[in-house]
Amino acid sequence: PGAAAPGSPRVWWQHEGPRRVKRAWVIPPISVSENHKRIPHLLVQIKSDKQQPGGVIYSIKGPGVDEEPLGIFSIDKFTGKVFLNAMLDREENDRFRVDLEIIVMDQNDNRPLFRQDVFTGRVVEGAEPGTCVMTADATDADDPDTDNAVLRYSILEQGAAGMFSINATTGEICTARPGLDRETVGMYNLTLQAADMSGDGLTTTATAVIYLEDINDNPPEFTKEEFSMEVEEQAAGVDVGKVFVHDKDLAGSPNWLAKFTILEGDPEGAFAIHTDPYTNDGVLSAAKPLDHEVRDRFELTVSVQNEQPLEPTAPASPRALATVRVRVQDVNEAPIFRENPRRVSVLEGVPPGTPVTTYTASDPDTRQLQTLTYALLYDPADWLQLDPHTGTIRTKRELLHPSAFLQGGWYIALVLARDDAKPPLSATGTLSIEILEVNDHAPLLQPPAGVVCGRPGRGGTLLLGATDDDRPPHGAPFHFQLSPQHPQLTRNWSITRFNVTHAVLAVLVELPEGPYSLPLLLRDSGTPPQERQQLLNISVCHCGRDGTCEEGVLAAATAGAGITLGALMIILGSSILFLRDSPSDIEDFINEVGTGPGAPLAPDSPIPSGADGVPLSPQGLEAADSDPSVPPYDTALIYDYEGSGSVASPLSSIVSSLTDEDQDYDYLSDWGPRFRRLADLYG
């Protein structure tokens, strides 16, 4: 006995009986006597305990079957019955070992199964017949070598058009007919069937969903041929309205997106049109401010097409056109100053009421009856007056230089123009008034006093300067000369030009020490020129060997005591203020400083004189007091800005060093008898 391999059990038998049986297979004992004469003789029937009729095929092989001795045993392949076909001789062969092969016959007991319940595919619309979309395949658990597993595919349902076909053997689905149009049918549902037994056996079904992909085969079209809109004038950048279009292609795709163009009716580019990305409509907007008074109606021709070009297979059609009529609405507009800023010129010092200009605005609303009125919005110096109805501007007071309200000689005012609409609108105009310089000031000698050495040469010169309140070209260059009314001055003094603002006074002959008053004539370069006679107070000092002041009253004052000429003049002026009510004291003071009796004078030297050209004396002082052009002594003197680059020292530096707290006036006692009165006052 032996064990049979799976599917092919081996059976051993002897003449006496069975030796082994495979589990689940019924193999009764097999024994046979030698010399058995009833041939063929049924030895045994082999069957499965779970056998279904006709489901198994049996076969045996080995010695006694298909090996020597041949043909002794056989088996019925369908029933499993084993037969003895010849007499046996135990002495020749006491046992036979035969292989039993049992073939289980397949039955069609499994339905086909699709790999998925729903198959999804895509194909572009307009695809040619034979364009394959996808493959829907199935499996069958039955024996693949039998018809039980031979599958055939078919489409049970797809609609009346029959646009798709399926390969019966492979399950590949392809287009069957032309005319796929996404805009007509965008999706197809197919019911598929798979059947075994080459289509005659068991069946199963699945669904195939086929989506048509869009192509640009439909141009956009306007929903109507004419559109009407309205927009207010002067409105720029606002949307005027929409033109509506329809495109059958897939919404949101480039095949659907529209592009608009204004072909006619807008040569100046007053309008613009763009596409609403959500609705695909054309949005017309005002690109520039529109003016109702210039043009109140527009008729535009607008075209539309896709961003993407049409497919060559798309039917040819003309470009879609529409007419857009736009009416410009009239609204109230603000007045306009056509000349802004307005620049005018006025002479300084003109009397109040002098006309300056008529500054008016215009109203763009020519088709509305409106009245404009005017007002001064900004007049910082309150120099102007304005007629509210005519816009005529006149001076209210004199316009003079210098003024903190002038910027480079210009006066800036703002004029407001307002209409009478409801609500009213206004505009602002800038009025720039140039205050033209008038030569109304003569040059002023600066400084009015100085110290020179009484000998011709380096120390016998003095640098003279002048200032002028007028602006160019009515100021420098200045002309300095000795007064023509005193020709004798030219014997002792000379004046030569140094630059446009300064001149040099020179001593021509040796002069004695003492104060001198030289009448000078100063003239500017204005048109017409202004001139003024002024006194230059000169202190002639004693000259040293090097030609400079080294001793004497004023030399001692400036060098020995360390006080400048400017400080000395302040002291002298202060003394006069203190003594003005006592003529005798004044006379004594003048006598002491060297202008009274006994003062040394050089031959042909100018007589020391006062502001009016008379000798300094009580009578001269009385005449000066009665001069209306000279301010009273108890009147505060007003000084102006001295300007940049002045050759004179600032008065503030002098005064700051001459306060009672930090000055010692005892040195005045050392200056001699001429300064005794000052020493008594300040010592």
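A disulfide here is a pair of cysteine sulfur atoms within 2.5 Å, and the sulfurs of C541 and C549 sit 1.4 Å apart. Before going on, keep in mind that this is a predicted model, where local features need pLDDT of at least 70 and side-chain atom pairs count only at pLDDT 80 or more, while totals for chains, interfaces and linings use all residues. Residues are numbered from 1 along each chain as its sequence is written, and side-chain values use heavy atoms, with hydrogens and water left out.

Let's step back to the whole chain. It has 6 helices and 42 strands; these are DSSP runs numbered from the N terminus, helices being H or I with at least four residues and strands being E with at least two. Of its 683 residues, 39% count as buried, meaning under 20% relative accessible area, with exposed set at over 50% and partly exposed in between (1.4 Å probe, protein chains only). The chain exposes about 37,100 Å², and carbon and sulfur atoms supply 51% of that area. Accessible areas come from the Shrake-Rupley method with a 1.4 Å probe, and for residues only the protein chains shown count as cover.

Now back to the cysteines. A search of the whole structure finds 3 disulfides, and counting bonded cysteines along the chain, they follow the pattern 1-2, 3-5, 4-6.

One of them joins C132 and C174, with sulfur atoms 2.1 Å apart. This pair links distant parts of the chain: C132 is in strand β11 (residues 132-135) and C174 in strand β15 (residues 172-175), 42 residues apart. With 75° about the S-S bond, the link is right-handed. C132 is partly exposed at 36% relative accessible area, whereas C174 is buried at 12%.

Another disulfide pairs C453 with C543, their sulfurs 1.4 Å apart. C453 lies in strand β35 (residues 449-453) and C543 in strand β41 (residues 531-543), so the bond ties together parts that are 90 residues apart in sequence. C453 is buried, with a relative accessible area of 1%, and C543 is buried too, at 8%.

That leaves the pair we started with. C541 counts as buried at 3% relative accessibility, while C549 is partly exposed at 28%.
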